[in-house]
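Visitor: Please show me how to read a structural model feature by feature.
Guide: Here is the one to work with.

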Amino acid sequence: MKTLLSLLLLLCVCLSAQGRVGRILYYNKPASAPDTVYLYVDDQFHSQIDLPSFQFGQDIEFEQGRGVLKLIFSPRLLEEGEALPEGLPAVNVRKGWEKFLIVVVESQQSSLLPIKAIAINANENHFGNGDFLFMNLTPNLVGGTFGEEQIRVAPRKMHIAKMAAYQGEFLDVKLDYVRPDGQKKRRWMIYQGWRILSDRRTLVFCYVPEGRKSMKYFATQVKNM
C-alpha cells in the first residue's frame, strides 16, 4: 500500500511539473521575414524559436506556476548584461492559459522587428481538440452555418466553434461574407464539408488576398497538443 501511495504521489508531482506549452505560426509570412527569433520571458532569455509559415511549430515549454507570461521577441541574441531594447514586439499570455497559440503577423509598429504577436487560449475547455477557431482578418462580416451550428465572425474578430461533440462526423460548412459598403450583399466564401477529428484543433484564417476583393480562407491544424 505504501508503495502504491508513493507511486501516486510521484505521478501527481510529475503531472503538476509539466508546465505550460505554446506553439507559434507566422501567418502570411513575407519572403524577407526572419526564419527564427530569440524569445525572452519577463526580460530573461528563454530560447531561439523557429517561425513556421504553414503549420504551427513544435511545443515551446514554460515553467508551471507563473502568472502572466510576457513574451518578448528579439531579432538577435543579446550580449550578457545587455538590456532589452525599447520597442521590441511583445505579447502577454494570461494566467491560467496552460496551452496557447501565438499567431505572428507582419507589422511595422516595431522598427527593430516588424512583427506583431497575437496570443490565443488553447486550453481544452476554450479551444480544444475537435474545435474550430475562425480568425477574421478583414473589415467584412462573416456568417453562415457549420453543420447545425450558427457561425458569426465580426470584422477583425475571432469566433470559436465548439465542435468536439461531432467528432468523426462530416459536416457541411456554408460561410458567406458581407462587405461594409452598405449593399448587404452576401458573397460566397466557404462551401464544403469538414470532418471533425478528435486529436486536433483547426484554425481558419479568413482574409482578402492582396490586389483582390473576394475573401479566401487558409486552414491549419494543431495536432496532439
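The dialogue below takes salt bridges, then cavities and a pocket, then a sheet.

Visitor: What should I know about the source of the values?
Guide: The model is predicted, so local features need pLDDT of at least 70 and side-chain atom pairs count only at pLDDT 80 or more, while totals for chains, interfaces and linings use all residues. Residues are numbered from 1 along each chain as its sequence is written, and side-chain values use heavy atoms, with hydrogens and water left out.

Visitor: How many salt bridges does a search of the whole structure find?
Guide: Side chains of opposite charge can pair when their charged atoms come close. The criterion is a side-chain nitrogen of Lys or Arg within 4 Å of a carboxyl oxygen of Asp or Glu. The search of the whole structure finds 8 salt bridges. One of them joins the side chains of Arg23 and Asp59, at 2.6 Å from N to O. Arg23 lies in strand E1 (residues 20–26) and Asp59 in the loop between E3 and strand E4 (60–62), so the pair ties together parts 36 residues apart in sequence. Strands (E, at least two residues) are DSSP runs numbered from the N terminus.

Visitor: Is Arg23 buried or exposed?
Guide: Buried means under 20% relative accessible area, exposed over 50%, and partly exposed in between (1.4 Å probe, protein chains only). Arg23 is buried at 10%, and Asp59 is partly exposed at 36%.

Visitor: Which residue forms a salt bridge with Glu82?
Guide: Arg76 does, with the closest N and O atoms 2.5 Å apart. Glu82 is partly exposed at 30% relative accessibility, and Arg76 is partly exposed at 39%. Another pair is Arg200 and Asp199, with closest N and O atoms 2.7 Å apart. Here Arg200 is buried at 15%, and Asp199 is partly exposed at 29%. Salt bridges also link Lys99, Glu124 and Arg201 in a network.

Visitor: How many cavities of 30 Å³ or more are there?
Guide: On a 1 Å grid over the protein atoms alone, a cavity is a set of points where a 1.4 Å probe fits but cannot get out; a pocket is an open set with protein on both sides within 12 Å along at least five of seven lines; lining residues have an atom within 4 Å of a point. Grid points are joined across faces, edges and corners, and a volume is the space filled by probe spheres set on the points. The structure has 2 cavities of 30 Å³ or more. The largest has a volume of about 50 Å³, and its lining includes Arg23, Leu39, Phe62 and Phe100. E1 gives the most to that lining, with 3 residues.

Visitor: What volume does the second largest cavity have?
Guide: About 40 Å³. Its lining residues include Arg200, Asp131 and Gln221.

Visitor: What is the volume of the largest pocket?
Guide: The largest pocket has a volume of about 360 Å³. Among its lining residues are Tyr27, Phe54, Tyr207 and Phe218.

Visitor: In what order do the strands of the open sheet lie?
Guide: Two strands pair if DSSP finds at least two bridges between them. The order of the 4 strands is E3-E2-E5-E6, with antiparallel pairing. Strand E3 (44–50) and strand E6 (90–93) are the edge strands, each pairing on one side only. Strand E2 (residues 36–41) is joined to E3 by 6 bridges, and Thr36 has Asp50 in E3 as its bridge partner.
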